[in-house]
Amino acid sequence: MTTEPASLESLQVLYHSKDFIVVDKHWDIRIDSKMWYEKLTVQEQLRQRFPELADPSTYYGFRFCHQLDFSTSGALCIALNKAAAGQAYRCFKDRTVTKAYLALVRGSVEEETQTLNLAIGKNSSEGKTHMMCTEGTEGCQNPKPCQTELTVLEYGLYDGDPVTKVLLQPLTGRTHQLRVHCSGIGHPIVGDFTYSSGADVTPYRMMLHAHLLHIPLEPQPLHVSARDPFVPTLDPKWIPQRSLRTLTGTVETLLERRVEEDRKRKEEERERLRREEERRKGRQRRTEKESEEERRQCQEWLSEWAGD
């Protein structure tokens, strides 16, 4: 990741197999666009670097497995065939994918670990129809439950102002969820022009980065991390002052917990299938017993009839 603007040549590939490509999306580029004049997109970067992988049967030429906002950088997964796309889609649909984002947020977040449970809906207020908002906000339409886990990593300063470096794990997938949740607790993401009402314009970018992507594919999970861009060597305006926990250790703990959750989920699924099989066999035995009883009665009737 760099502080320089994106270009068609600046595509960074984190992972490449016959089924998937994962790229480190730049912080000022759209994934795709329906507008003919918009040439600087991840879609066009891929088409330029890997023209042989473009699929003309798809609308954009590539199968993007998920979305990242224009101003969000980090790990973005692209499926290279229909079967791979279907497998990834099921993981996202079943919410078995683990994603974790790094962010610098305004102010000092006091509660070091917390789960944000603010419901999010569309903002119908005039001039804000492209935005989301939390339940109870004026103009908030159709709010739905959303959960984000927040873990504080470091406290410090950005351009002289107090900020907190956090790891965010979205447990649901609502539009702008992380940005709205951070803003909703009074700690908007540094450089978020939209959710600062256009006031936060000094930073060169919005400080939100998709650091971790873990998709539990079979037989081999896809596990990729995009390097932390919020370091003083890259952006000297960010000055860490107090570290609570390391990024590596926090991510390892998160993944261990997710592995345990997945193990329990699979055990519960196996137990459910076992009970269903037992019920099926029980119904089959009852059916067989009833059929045997019917045959016995039929034989008795035939014997009586023959006797008459």
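Predicted model: local features only at pLDDT ≥ 70, side-chain atom pairs only at ≥ 80, totals over all residues.
Local features require pLDDT of at least 70 and side-chain atom pairs pLDDT 80 or more, whereas totals for chains, interfaces and linings use all residues. Residues are numbered from 1 along each chain as its sequence is written, and side-chain values use heavy atoms, without hydrogens and water.

**Asp-200**

Asp-200 is located in the loop between α3 (177-184) and β12 (208-215); helices (H or I, at least four residues) and strands (E, at least two) are DSSP runs numbered from the N terminus. Its relative accessibility is 12%, so Asp-200 counts as buried (under 20% relative accessible area, 1.4 Å probe, protein chains only). The table gives two distances for the Asp-200 side chain.

| Partner of the Asp-200 side chain | Distance |
|---|---|
| Arg-106, side chain (polar contact) | 2.8 Å |

**Helix α1**

In α1 (residues 42-49), the buried residues are Val-42, Gln-43, Gln-45 and Leu-46. They lie on the same side of α1, because their arc around the axis is only 165°, taken from the directions from the helix axis to the C-beta atoms. Their cover includes β2 (20-25), β3 (63-64) and β4 (73-79), with contact meaning heavy atoms within 4.5 Å.

Conventions. Buried < 20%, exposed > 50% of the residue type's maximum accessible area, 1.4 Å probe, protein only. Polar contact = N/O pair within 3.5 Å; in protein donor to acceptor, adjacent residues only side chain to side chain.
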